[in-house]
Amino acid sequence: MAADERSAGAPVGRRVVLGLLGLGVAGILGGNQIQNGLAKMLGPLGNNDPTGLISLIPVGNTFRFYSVTRGAPRKDASNYALELSGLVQQPRSYTLADLQKMRQTTLVRDFQCVTGWRVPEVTWSGVLLADILDQVQPTSSATAVRFTSFDGTYTESLTLEQARRDDVLVALEMIDGPVTHDHGGPVRLYVAPMYGYKSLKWLGGIELTKEVVPGYWEERGYSIDGWVGESNGRDDDPT
Ligand SMILES: Nc1nc2c(c(=O)[nH]1)N[C@H]1C(S)=C(S)[C@@H](COP(=O)(O)O)O[C@H]1N2
Ligand SMILES: [Mo]
């Protein structure tokens, strides 16, 4: 399963990585520079290494950039829209400015991918999904929420109860500024208590549904409930 989770780019072979290590690249660049560089380069590889060898490589505490597609269109305040649809009494579209005007909530939480990498104490800010749901008013037959990405492919889901938690954000900021394009900006989902795959990037649509519609990775075997430490038959701890 994990072997499928990679970015669309050409995977970097393990031999290449070992070669780089052998050359002492870390020694030449050092510090964050190499960490970030390696993290970017190794993003796809991290998922291809069931042996745990990857954990020997100094890429801890940094994000990888994941995309099951070859990226997504770039959007900003001039053309971004979040469409609320489905079983709601007040369907509507939110611009970036609309979202920025709403109450902002900040969370500081670890971010953990089910494949085993984790970034401690990431700062996230944005609009509570619950606040948006209150505005659009799900009908009595809605029990779940379906998220779509403007990458055209990735989808996710939550039960309505999960979606109303106070640690689920429609995130506008991450780390120390606006969510960057590579991290799924200008707007991505952040589901703090669940593995990273629930935190859909390039959020374009939120649809209220009668039942949970399994998302992209859930169609490919991951648990629909992605609770960190409880789901997918493992509690990844890279340390
Ligand atoms: N649209 C989209 N969202 C996505 C993914 C993706 O491939 N496409 N990957 C998921 C997975 S598995 C993880 S761990 C996180 C990674 O977020 P990052 O790329 O900002 O590190 O995004 C999640 N959201
Ligand atoms: Mo992930």
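Is Leu169 buried or exposed? I began my notebook with this residue, working from a predicted model.

**Entry 1: Leu169**

I looked up the relative accessibility of Leu169 and found 0%, so the residue counts as buried. Leu169 belongs to strand E7, which covers residues 168–174. I then turned to Leu107, which is 62 residues away from Leu169 along the chain. The C-alpha atoms of these two leucines are separated by 8.8 Å.

**Entry 2: the surroundings of ligand 1**

Which residues are closest to ligand 1? I counted 21 residues around the ligand, and the closest are Arg64, Tyr66, His183, Arg188 and Lys201. By class, this shell holds 11 nonpolar, 5 polar and 5 charged residues. I noted also that the space taken by ligand 1 is the largest cavity.

I next listed polar contacts of the ligand. An oxygen atom of ligand 1 lies 2.4 Å from a backbone N or O atom of Arg64. A polar backbone atom of Tyr66 is 2.8 Å from an oxygen atom of the ligand. At Ser149 the side chain takes part: one of its polar atoms lies 3.5 Å from a nitrogen atom of ligand 1. On its own, ligand 1 has 530 Å² of accessible area, and the protein covers 100% of this.

Ser149 is in strand E5, residues 144–149. With a relative accessibility of 8%, Ser149 falls under the 20% cut-off and therefore counts as buried. A polar atom of the Ser149 side chain lies 2.9 Å from the backbone oxygen of Lys201. The backbone oxygen of Trp202 lies 3.3 Å from a polar atom of that side chain.

Trp202 itself is in the loop between E9 and E10. I recorded a relative accessibility of 3% for Trp202, so this residue is buried. Its phi is positive, about 55 degrees, although Trp202 is not a glycine. I set beside this the general rule that most residues other than glycine have a negative phi.

**Entry 3: Ser199**

Which backbone nitrogen does the side chain of Ser199 reach? I found that it is the nitrogen of Val191, at 3.0 Å. Ser199 is located in the loop between strand E9 (188–191) and strand E10 (203–209). Its relative accessible area is 3%, so Ser199 is buried.

**Entry 4: helix H5**

After H5 comes Gln137, with a positive phi near 60 degrees.

**Entry 5: further backbone features**

I checked Glu121, which lies in strand E4 (residues 118–128). Glu121 has a positive phi, near 45 degrees, and is a residue other than glycine.

Pro186 is in the loop between strand E8 (177–178) and E9.

**Entry 6: Gly71**

My last entry concerns Gly71, in the loop between helix H3 (31–46) and strand E1 (82–86). At 27% relative accessibility, Gly71 counts as partly exposed. Gly184 is 113 residues from Gly71 along the chain, and their C-alpha atoms are separated by 9.2 Å.

Key: Residues numbered from 1 in each chain as written. Chains lettered and ligands numbered in written order. Predicted model: local features only at pLDDT ≥ 70, side-chain atom pairs only at ≥ 80, totals over all residues. Heavy atoms only, no water. Near = heavy atom within 4 Å. Polar contact = N/O pair within 3.5 Å; in protein donor to acceptor, adjacent residues only side chain to side chain. Areas by Shrake-Rupley, 256 points an atom, 1.4 Å probe, with all protein chains shown as cover. 1 Å grid on protein atoms, 1.4 Å probe; cavity = no way out; pocket = protein on both sides within 12 Å on 5 of 7 lines; lining within 4 Å. Sits in = over half its atoms within 2 Å of the grid points. Nonpolar A, V, L, I, M, F, W, Y, C, P; charged D, E, K, R; others polar. Helix = DSSP H or I, 4+ residues; strand = E, 2+ residues; numbered from the N terminus. Buried < 20%, exposed > 50% of the residue type's maximum accessible area, 1.4 Å probe, protein only.
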